[in-house]
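Please have the viewer open as you read.

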Amino acid sequence: MSKSDSIPRVLIVDESRMARTMLARQIRNYYAFREEANGELAWQALLVDPTIRVVVCSLSMPLLNGDALLERMRASALSRLAQMPILLVVGDDTEAVARAKSHGATEFIDRQALADELLPRLDAILGITAEDIAARATDATTQGEDNTEPAESTEKTENIENTEKEKEAPVRTEKADLPGVMSKMAL
């Protein structure tokens with residue numbers, strides 16, 4: 001089993017792309033993750049991706065809200081889904097929290113405290129030990145900012161290669177190979 005296979009995978013479910021990005025940014029150095037925009041897509045992802053170990057989900061979403069997703073998971077014939085930990089991101093709606101508790105939510109996290117509490121809550125849910133957390137902190141300080149450089153340099157290299165390929169490509173002056181399609185030069 002490779003190192004990436006041993007990293008727990010988190011499913012992030014929120015209708016807001018910004019919220020999903022913020023959540024992913026907080027955990028990306030520690031957990032593998034997958035994002036979905038609504039409960040129905042999340043349900044489909046859970047059915048086909050057995051590597052997901054925990055769900056971080058908003059209560060209010062289109063198509064299938066957090067409550068309905070939670071109910072579906074708890075009623076599932078697949079034991080991995082019925083027993084999977086679910087961390088619900090909630091606001092000030094105490095009635096929704098009470099309803100989600102009755103449906104079997106594992107944990108709740110207030111949207112206002114998300115930045116401070118998400119990683120410790122995931123660690124607790126997944127049973128990450130203090131030694132693992134210390135090792136993770138050591139790895140992060142050892143690597144420093146090296147995590148972002150390869151992606152940037154790869155992107156720059158690809159842009160340079162694409163520019164060079166465009167220069168080398170033969171220029172068609174009238175029509176492209178497809179009938180009725182004009183080339184860049186002709187346009």
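## The sheet and its strands

Strands β3 and β4 are paired in the parallel sense, with 4 bridges between them. Two strands count as paired if DSSP finds at least two bridges between them. This is a predicted model, in which local features need pLDDT of at least 70 and side-chain atom pairs count only at pLDDT 80 or more, while totals for chains, interfaces and linings use all residues. Residues are numbered from 1 along each chain as its sequence is written, and side-chain values use heavy atoms, with hydrogens and water left out.

The whole sheet is open and has 5 strands, in the order β2-β1-β3-β4-β5, with parallel pairing. Its edge strands, β2 (32-36) and β5 (107-110), each pair on one side only. From one strand to the next, the twist averages 20°. In general, strands of a sheet pair through backbone hydrogen bonds, either parallel or antiparallel.

Valine 55 has isoleucine 86 in β4 as its bridge partner. Valine 89 has isoleucine 109 in β5 as its bridge partner, and leucine 87 stands opposite glutamate 107 in β5.

## A closer look at β4

How many of the residues of β4 are buried? The count is 5 of 5, so β4 is mostly covered, where buried means under 20% relative accessible area, exposed over 50% and partly exposed in between (1.4 Å probe, protein chains only). Ile86, Leu88 and Val90 point one way from the strand, Leu87 and Val89 point the other way, and all are buried.

Isoleucine 86 belongs to this strand, which covers residues 86-90. Isoleucine 86 has a relative accessible area of 2% and is therefore buried. Leaving aside neighbours within four places in sequence, isoleucine 86 is in contact with Val55, Leu70, Met73, Arg74, Ala105, Thr106 and Glu107; contact means heavy atoms within 4.5 Å.

Helices (H or I, at least four residues) and strands (E, at least two) are DSSP runs, numbered from the N terminus. Axes are lines fitted to C-alpha atoms, for helices over the stretch in contact, and angles run from 0 to 180 degrees between N-to-C directions. Here are two helix pairs.

| Helix pair | Angle | Axes apart |
|---|---|---|
| α3 (residues 39-48) and α4 (residues 66-74) | about 25° | 9 Å |
| α2 (residues 17-27) and α7 | about 55° | 10 Å |

The angle makes α2 oblique to α7, whereas α3 and α4 are roughly parallel to each other. Angles under 35 degrees count as roughly parallel, over 145 as roughly antiparallel, 65 to 115 as roughly perpendicular and the rest as oblique.

The crossing of α2 and α7 is right-handed, and α3 also passes α4 in a right-handed crossing. A crossing is right-handed if the near helix is turned clockwise from the far one by less than a right angle, and left-handed if anticlockwise.

Which residues of α3 and α4 meet? Gly39, Glu40, Ala42, Trp43 and Leu46 come from α3, and Leu69, Arg72 and Met73 from α4. By class, this contact has 5 nonpolar, 1 polar and 2 charged residues. Ala, Val, Leu, Ile, Met, Phe, Trp, Tyr, Cys and Pro count as nonpolar, Asp, Glu, Lys and Arg as charged, and the others, Gly among them, as polar.

Helix α2 brings Met22, Leu23, Gln26 and Ile27 to its contact with α7, which supplies Leu114, Ala115, Leu118, Leu119 and Leu122. That contact has 8 nonpolar, 1 polar and no charged residues. Helix α7 (residues 114-126) also lies across β1 (9-13), β3 (52-58), β4 and β5, and runs at about 170° to β5.

## The whole chain

The protein has 9 helices and 5 strands. Of its 187 residues, 32% count as buried. Among contacts with a separation of 6 or more, 54% come from residues 24 or more positions apart.
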